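Hi,

Here is the model I said I would pass on.

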Amino acid sequence: MLWAIPASAEKLTFDHRKHAELKAVLDSGDPNMIDFNNKNPRYVVDLIAVKGKSAKDWTEALEIVARTPNAKVRNAKDWAAELGRGAIARCKPAITTLAEDDTSITFELVAPSCPSARAETTITRIVQGKRSLFLLSALIKGVLDQTTRQQWLALLSSAHLE
């Protein structure tokens with residue numbers, strides 16, 4: 001199990017074993033496959049390359065973001081809307097909500113042939129805590145096959161706060 005913790009906040013836990021290739025990357029201990037940025041303690045970002053040469057040169061990755069809510073983004077739905085507005089302004093992607101409850105939202109964003117998109121397919125889950133918001137995104141440059149899609153969905157659905 002992995003977790004993300006911003007300064008003085010809840011802990012997000014998810015089961016990385018639900019995605020075989022992610023587990024293999026993490027088990028390898030290769031520091032080139034992980035990029036951690038905590039320069040701003042109110043917005044902490046991890047990127048783990050699942051496929052590719054490194055965290056800077058990937059074709060499939062897991063991005064984990066922990067942030068402090070603010071006046072514009074107070075909850076999971078606000079953050080999802082903000083991300084959707086930004087993507088629509090750039091690419092006019094197809095956005096589909098896959099699951100939603102009082103404290104989380106999972107959605108898929110598909111932006112084929114969009115040069116400004118970081119990934120052609122993104123599946124994101126945002127989980128809201130009392131003092132923090134957490135985002136887990138599967139980023140895929142290309143088309144996602146059904147087996148890999150199911151692994152990502154299982155990993156994202158395992159995310160919860162402790």
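This is a predicted model: local features need pLDDT of at least 70, side-chain atom pairs count only at pLDDT 80 or more; totals for chains, interfaces and linings use all residues.

Numbering starts from 1 along each chain as its sequence is written, and side-chain values use heavy atoms, with hydrogens and water left out.

The sheet: it is open, has 7 strands in the order β3-β4-β5-β9-β8-β7-β6, and the pairing is antiparallel. Its edge strands, β3 (34-37) and β6 (94-100), each pair on one side only. On average, neighbouring strands are turned by 15° against each other, direction ignored. Helices (H or I, at least four residues) and strands (E, at least two) are DSSP runs numbered from the N terminus, and two strands pair if DSSP finds at least two bridges between them. Strands β7 (residues 104-110) and β8 (residues 121-128) are joined by 7 bridges, with F107 opposite T124 in β8.

Two helices lie across the sheet strands. Helix α3 (residues 146-157) lies across β4, β5, β6, β7, β8 and β9 (133-140), and runs at about 10° to β8. Axes here are lines fitted to C-alpha atoms, for helices over the stretch in contact (heavy atoms within 4.5 Å), and angles run from 0 to 180 degrees between N-to-C directions.

Now the packing. A nonpolar core is a set of buried Ala, Val, Leu, Ile, Met, Phe, Trp, Tyr and Cys residues joined through side-chain atoms within 4.5 Å; buried means under 20% relative accessible area, exposed over 50%, partly exposed in between (1.4 Å probe, protein chains only). The largest core has 29 residues, and F14, W58, L62, L136 and W152 have the most contacts inside it. A second, separate core of 11 residues includes V45, V73, A80 and F107.

W58 also has K141 over its face, at 4.2 Å from the ring centre. Likewise, R67 lies over the face of W79, at 4.8 Å. (The test is NZ of Lys or CZ of Arg within 6 Å of the ring centre and within 35 degrees of the ring normal.)

Last, N37 in strand β3: this residue is partly exposed, at 33% relative accessible area, and touches Y43, V44 and V45, not counting residues up to four places away in sequence.

Cheers
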